[in-house]
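Please look over the notes below alongside the coordinates.

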Amino acid sequence: MLYKPTKAELASAVGRTVPDVIRAGLKVLFCGINPSVYTAVVGYNFARPGNRFWPTLYASGFTPRQLLPGEQQELLQLGYGITNVVDRATVAAADLRKEELRQGGEQLVQKVLAYKPQVLALLGISVYEAAFGHKGSGVGLQSRTIGDTQVWVLPNPSGLNAHFPPRRLAEVYRELKYYVG
């Protein structure tokens, strides 16, 4: 049964952090813009109902079955991890200040240099722009690298992203899966 936080729980989660799922040498480090308050309440990344991250990972071949958010640590065994540009939870990404996003981008670069994933996959064009302060070349492999890490932009898995229905979302994520093997 799906957990339904109270309004008070959601309100109290503003500003909380959710730990990264990360280790050195990952194939792919998936990066969102920041955790939602729902994610902060339950303590797992991409946990908000309607978020298509977990179904898309399965449909595109990253996972052998559809993982639940509470099983996020299993990604590490498969060579994948999760982080965010900004650590603090907000009701909406629009609640983040430009300075926070700039600092988050700098911290993300340091994290990537320290953990050395093969690919940093930014989940959304706006995430790329927020992290690096300029436009990328759309979805797919970017010309930018961080050390030896390739930078890739994937569509945002939010259920609000109507530009990418589930089948198309899985196709685009599958391109990265083929790239990393």
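**Notes on the model**

1. Helices (H or I, at least four residues) and strands (E, at least two) are DSSP runs, numbered from the N terminus. This is a predicted model, in which local features need pLDDT of at least 70 and side-chain atom pairs count only at pLDDT 80 or more, while totals for chains, interfaces and linings use all residues. Residues are numbered from 1 along each chain as its sequence is written, and side-chain values use heavy atoms, with hydrogens and water left out.

2. The buried residues of α6 are Val127, Tyr128, Ala130, Ala131 and Phe132; buried means under 20% relative accessible area, exposed over 50%, and partly exposed in between (1.4 Å probe, protein chains only). These buried residues pack against β1 (28–32), α5, β3, β4 and β5 (149–154). Gly136 is partly exposed, at 32% relative accessible area. Not counting residues up to four places away in sequence, Gly136 touches Tyr128 and Gln142, contact being heavy atoms within 4.5 Å.

3. The largest nonpolar core has 46 residues, and Val28, Phe30, Leu120, Leu122, Phe132, Leu154 and Leu176 touch the most other members. Such a core is a set of buried Ala, Val, Leu, Ile, Met, Phe, Trp, Tyr and Cys residues joined through side-chain atoms within 4.5 Å. A second, separate core of 6 residues includes Ala13, Val37, Ala40 and Ala89.

4. Phe46 has a positive phi, near 55 degrees, and is placed in the loop between α2 (37–42) and α3 (53–59). Phe46 counts as buried because its relative accessibility is 14%. Lys116 has a positive phi too, near 50 degrees, and is found in the loop between α5 and β3 (119–123). With 58% relative accessibility, Lys116 counts as exposed.

5. Where is Thr90 found? Thr90 is in the loop between β2 (80–84) and α5 (98–115), and at 3% relative accessibility it counts as buried. Leaving aside neighbours within four places in sequence, Thr90 is in contact with Asn34, Pro35, Ser36, Val37, Asp95 and Leu96.

6. The largest pocket has a volume of about 640 Å³. A pocket is an open set of points on a 1 Å grid over the protein atoms alone, where a 1.4 Å probe fits, with protein on both sides within 12 Å along at least five of seven lines; lining residues have an atom within 4 Å of a point. Grid points are joined across faces, edges and corners, and the volume is the space filled by probe spheres set on the points. Among the 27 lining residues, Asn34, Ser36, Asn51, Asn156 and Ser158 lie nearest the centre of the pocket.

7. The whole structure has 9 salt bridges, each a side-chain nitrogen of Lys or Arg within 4 Å of a carboxyl oxygen of Asp or Glu. One joins Glu74 and Arg65 (3.2 Å, N to O), and Arg65, Glu71 and Glu74 are linked in a network. Another pairs Glu100 with Arg97 (3.5 Å, N to O); Glu100 is buried at 12%, whereas Arg97 is exposed at 52%.
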